[in-house]
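Visitor: I would like to go through a two-chain model and learn how to read its features.
Guide: Then let us take the chains one at a time and finish with the contact.

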Amino acid sequence: MFASCADPSSLHGLNWMLCYLGTGKHLLFYTSFGTVLLLLAITAPLSLLFGFGGALAARSSFTPLRWFGVGYTSMVRGVPDIVFFLFVPIAMDQGLEYMRHITLCSDWTEPVRQGNSFLVCPQAKLPPNTAPQIYHKIYGFLLAVMAFALVFGAFAANVLFGAMKAVPHAQLETAQAYGMSQRQVTRRILIPQMWTYALPGLSNLWMILIKATPLLFLLGVEDIVYWARELGATKSQIYAYPHPDWRLWYFLVLLAFYLLMTKISEAVFARISARLSRGQATLGGETQRKATP
Amino acid sequence: MSDHCLQIIQDYGLRSLGIGERALPRTDFTLCHEFTLIGSGMLWNIYFGTIALAFGFVFSVILALGKSSCRAWLRKPSEWFVFVFRGSPLFIQFFLVYELLTMLPRQGIDLLGLTVETSWLTRAWAGATIVLFLNTSAYAAEIFYGALQAVPKGDEEAADAYGFTGWKKFRRITWPTMMRLAWPSYTNEAIFLFHSTALVFFSGFPALRQQGDALYYANYLADKTFNPFVPYPIAAFYFICLTLIVITIFGAINRRLNRHLPGATKKLRIKPQIIR
């Protein structure tokens, strides 16, 4: 990277360390923190959306839709999330390829499942075999995002469903008495009012989401855990920067990263919570009202 | 159930413990194979969860008391312990502790002329149990701390009025109420703990001789058959059964804790939705 790093074997001490931390692979390691943040940035709104849909479905007066909502929200109860993380990406991958297989190769007569293998015609492969490596990575990442969004959507649906039930019934009835339709009550009263009740659950969920991000590694995405293991492993003399097993230190960096994320999130949520409980008929809102002169 | 399946259960029923057939099947997987292997792996999940929960209960109460102590040298370490273990992913903790344990000298530590073996610590049965124990201790400590703070003031004042002091007051008054208040949340924590045992063989700890937990075998079968639609639902089924058993046992304890209260059969609200 730098001219002075051209010959690592001649370097010592701090210079060696600086050059070591500036190698190409380390830059990939640093960008993988971005991957984690990207995952958080995409998954959080997406799962909130899924959760919203799930919660509204679970409240629906249309029975099949309600069953679907209740089924979705209770999906994650009783089963470890990691089962879903392992299941959803393969299931989705095979599902998509199977659908493409049916539409693209209708003349293909052999069965898709042959004993121990899953065979679709070459055109149906996702992404196509000829696609450059980067597309395979993006596809893998998107499958991971979907798995996260589905699981956390179910969690969020649980939280939002509870929050919708917590909105004082009198408020909804008052709105009805003013002549609002069911849809208007939901949009104008229920949804704006529920956030203050949903916030503790959602903040909890965000913390859980942060702590679930290392599972990306299990889904084959080159995330921070992947690079920490890769870079920390013992490097013999044939490498430019030989060093003993440093995985412990790399994992300590990851630990510090996650602790920092937790601390920052806690501070941010304390502020949001204060903002949301302003003027609310809750204990928090009452305390704020008394504090302001 | 056919004789064939009985034979498979005999061969692979305790495969996860290293008893029975050595080689895992490679082809011709039947539903019986999948149920037997994943069920055999479940033994590990039960083992990890039960041991960690049993030891974690004691330690978490100590931590909760430490956290509510007015002496800073007791409070600060407890607070930090809880923060570190609750603030970081269990997955990273597994990796970190595994690396830490592998750094111990291979030949054991010389202690006053006695050689203390250390290699067993890097095995999943010991190392992973320690991590799960520390992790659940931190989460449960937070629950018990919250319950301790929520013990009604009147209870304490009444105890003072009756002349209870020190240990006796804690044992007879504070402790039962604290347990009663904490129990619903603690039930959830127990469920999450059993769920998080599924992470063990996907983190730093290797499965020796392919002796893994339920999810390890589910993953193996899904890899071998290219069909995720059978093994994962089977693993899910086993976990749901385990969850129901946990709920039953903890519900019985909950009823016992609340037996002196009118309308004591208050139902436990189970909302397992926390992962680490």
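**Reading the two chains**

Guide: Read along the sequence, chain A follows the pattern α-α-α-α-β-β-α-α-α-α-α-α. That comes to 10 helices and two strands. Bear in mind that this is a predicted model.

Visitor: What pattern do the elements of chain B run in from the N terminus on?

Guide: The order in chain B is α-α-α-α-β-β-α-α-α-α-α, which amounts to nine helices and two strands.

Visitor: What radius of gyration does chain A have, and what would a compact globule of 293 residues have?

Guide: Chain A has 25 Å, whereas a compact globule of 293 residues would have a radius of gyration near 19 Å. Along the principal axes, the C-alpha atoms of chain A fill a box of roughly 80 × 70 × 30 Å. For chain B, the C-alpha trace spans about 75 × 55 × 30 Å along its principal axes.

Visitor: How many of the residues in each chain count as buried?

Guide: In chain A, buried residues make up 30% of the 293 residues. In chain B, 42% of the 276 residues count as buried.

Visitor: And which share of contacts joins residues at least 24 apart?

Guide: Take contacts between residues at least 6 apart in sequence. In chain A, 64% of these join residues at least 24 apart; in chain B, 73% do.

Visitor: How are two packed helices described?

Guide: By the angle between their axes and the distance between the axes. Here, helix H1 (residues 3-12) of chain B packs against helix H2 (residues 31-67) of chain B at an angle of about 30 degrees, with the axes 9 Å apart. Angles under 35 degrees count as roughly parallel, so H1(B) and H2(B) are roughly parallel to each other. The crossing of H1(B) past H2(B) is right-handed.

Visitor: Which residues make the contact of H1(B) with H2(B)?

Guide: H1(B) contributes Cys5(B), Ile8(B), Ile9(B) and Tyr12(B), and H2(B) contributes Cys32(B), His33(B), Thr36(B), Leu37(B) and Ser40(B). By class, the residues of this contact are six nonpolar, three polar and no charged.

Visitor: How many residues does each chain bring to the contact between chain A and chain B?

Guide: Chain B brings 37 residues and chain A brings 33 residues. On the side of chain B that touches chain A, at least two residues each come from helix H3 (72-87), helix H4 (90-102), helix H8 (214-225) and helix H9 (231-257) of chain B. The residues on that side of chain B divide into 24 nonpolar, nine polar and four charged.

Terms used:
Residues numbered from 1 in each chain as written. Chains lettered and ligands numbered in written order. Predicted model: local features only at pLDDT ≥ 70, side-chain atom pairs only at ≥ 80, totals over all residues. Contact = placed C-beta atoms within 7 Å. Helix = DSSP H or I, 4+ residues; strand = E, 2+ residues; numbered from the N terminus. Nonpolar A, V, L, I, M, F, W, Y, C, P; charged D, E, K, R; others polar. Buried ≥ 20, exposed ≤ 12 C-beta atoms within 10 Å, placed from the backbone. Axes fitted to C-alpha atoms, helices over the stretch in contact; angles between N-to-C directions. Parallel < 35°, antiparallel > 145°, perpendicular 65-115°, else oblique. Left-handed = near helix turned anticlockwise from the far one by under 90°. Rg over C-alpha atoms; globule rule 2.2 N^0.38 Å.
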